[in-house]
Amino acid sequence: MSYEITNADIVRVGPGTAAGEWFRRYWLAVSTAKELRDIPLGLKILGENLVLFRDLKGRVGLVGMHCPHRGSSLEYGDIEERGIRCPYHGWLFDVAGNCLEQPAEPKGSTYHQKIKHISYPVRELGGLIFAYLRPDGDDPPPLPRYRPLVEQGGQRQIEETRAYDYNWFNFIENGADPVHFSILHRSDPNDGTWRSWFFDFRDVPAFDAVETEYGMKVVSHKPGPTADTEYVDEKSFALPSILQIGDTEFTHFKRDRSALLDGSRNEHIMFLTPNDDEHFTLFTVNYYTGPDPDFIKKLAPTRSTAPQGEKKEYDKRPLAPFRGSVRREDMATQGTQGTIGERAEHLASSDRGVIMLRKIIVNAIQTAHAGGRPRGVLTHAEADKSVRFDSFTGVRPVAVRQKESART
Ligand code: FES
Ligand SMILES: [Fe+2]
């Protein structure tokens with residue numbers, strides 16, 4: 001009997017769950033290349049305990065954490081030319097999970113040939129390491145050539161990896177909810193910047209929710225400098241769990257409205273990977289193609305904005321104070337929602353982006369569950385295509401948005 005996927009399925013990602021099997025159809029970011037050094041790296045991905053390592057020949061492997069002999073963690077293993085060696089009795093595994101040696105077995109024993117450890121294919125792209133966790137994934141789909149990771153000529157930066165302790169979907173859903181920018185992340189409405197004017201909580205910008213080939217985007221807009229133009233801020237969601245925004249250079253550098261005439265030149269892309277149902281990791285890349293040679297250098301200090309105000313000594317709220325730090329503001333709200341399917345909700349008209357997002361994801365999970373190829377998984381014929389998401393922030397003709405929205 002076919003099982004009908006609902007919102008409640010979205011949050012469960014372990015092996016054997018519908019969303020877990022769906023996620024296993026995609027390449028997922030599991031580490032930055034920089035974080036994988038000369039020791040094994042223990043990871044939890046989609047509820048599975050795994051170990052990532054780079055052998056002395058430079059090959060990267062992602063294998064089950066627990067040694068198939070008697071279960072010791074390969075996180076404490078020794079890295080060698082040919083793979084990783086369990087510290088307990090020395091079984092040696094290559095990046096494909098083949099057991100190459102069992103030092104305590106009699107000479108000439110072929111027992112090692114019978115052991116195949118869990119292992120998943122791994123690829124490096126633009127400073128990130130991706131893995132494909134489908135069991136028996138012998139013929140993985142192509143790793144998409146995400147433009148901010150493969151383009152050359154601009155400035156690329158991988159931000160610090162971030163770990164969160166709530167369900168992955170609460171974060172993703174935030175990307176389809178542009179009105180929270182004007183309210184949760186509001187800034188001084190009189191500071192003269194584009195951001196405080198555009199995301200003014202007393203005059204929240206209108207937005208369109210637009211379905212796209214890769215997923216969807218929300219397009220916030222306000223009247224532009226001329227009658228047929230408008231200020232636009234696009235934020236995209238791509239399957240399975242990628243967000244991209246383009247307003248970083250205007251919001252973080254506190255630019256005025258005139259700066260937007262040229263449009264955004266920075267793609268800020270976030271790859272989210274669920275660790276389990278209560279944790280996820282975020283890998284963030286900036287790719288800048290504008291004229292400022294010091295863009296990345298200037299960006300770094302703006303990312304660690306401390307919240308305003310001292311903590312009162314009687315304030316027991318773990319995330320207080322949070323106002324003034326966009327990241328903490330997000331955590332204080334997303335992290336306290338509870339999970340979709342369990343929380344009581346009263347959706348409003350401003351939730352139409354969120355409603356669209358849920359439908360797109362439920363449909364994709366349903367497609368995967370029925371054995372089909374969910375949206376965002378490329379065919380081999382599409383392997384070379386450049387994968388690009390919309391994140392325009394700037395001034396452009398009103399007609400662009402009207403045409404796109406008419407299609408949805
Ligand atoms: S537990 Fe790993 S070799 Fe024995
Ligand atoms: Fe936010």
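This is a predicted model: local features need pLDDT of at least 70, side-chain atom pairs count only at pLDDT 80 or more; totals for chains, interfaces and linings use all residues.
1. Domain layout. The domain assignment divides the protein chain into domain 1, residues 29-132, and domain 2, residues 145-407. Their C-alpha centres are 35 Å apart. The contact between them involves 13 residues of domain 1 and 12 residues of domain 2.

2. The domain 1 side of that contact. Strand S1 (27-32) and strand S2 each contribute at least two residues to the side of domain 1 that touches domain 2. S1 gives the most, with 3 residues. Sorted by class, this side of domain 1 holds 6 nonpolar, 4 polar and 3 charged residues.

3. The sheet containing S2. Besides supplying residues to the domain contact, S2 belongs to an open sheet of 4 strands, in the order S2-S3-S4-S9, with antiparallel pairing. S2 and strand S9 (119-120) are the edge strands, each pairing on one side only.

4. The S2/S3 hairpin. Strand S2 (residues 41-45) is joined to strand S3 (residues 48-54) by 5 bridges, in the antiparallel sense. Across this pair, Lys-44 is opposite Asn-49 of S3. The hairpin has 2 residues between the strands, and Leu-46 adopts a positive phi near 50° there.

5. The S3/S4 pair. S3 also runs antiparallel to strand S4 (residues 60-64), again with 5 bridges. Here Leu-50 has Gly-64 in S4 as its bridge partner.

6. Length of helix H10. Helix H10 covers residues 352-369, which is 18 residues. Just after H10, Gly-371 has a positive phi of about 90°.

7. Buried side of H10. Which residues of H10 are buried? They are Gly-353, Val-354, Met-356, Leu-357, Ile-361, Ala-364, Ile-365 and Ala-368. These residues cover an arc of only 165° around the axis, and therefore lie on the same side of H10.

Note on methods
Residues are numbered from 1 along each chain as its sequence is written. Chains are lettered from A and ligands numbered from 1 in the order in which they are written. The expected span of a helix is 1.5 Å times one less than its number of residues. A residue is buried if 20 or more other C-beta atoms lie within 10 Å of its own, exposed if 12 or fewer, and partly exposed in between; C-beta atoms are placed from the backbone. The arc is that of the directions from the helix axis to the C-beta atoms. Two strands pair if DSSP finds at least two bridges between them. Domain bounds come from an automatic or database domain assignment. Two residues are in contact if their C-beta atoms, placed from the backbone, lie within 7 Å. Ala, Val, Leu, Ile, Met, Phe, Trp, Tyr, Cys and Pro count as nonpolar, Asp, Glu, Lys and Arg as charged, and the others, Gly among them, as polar.
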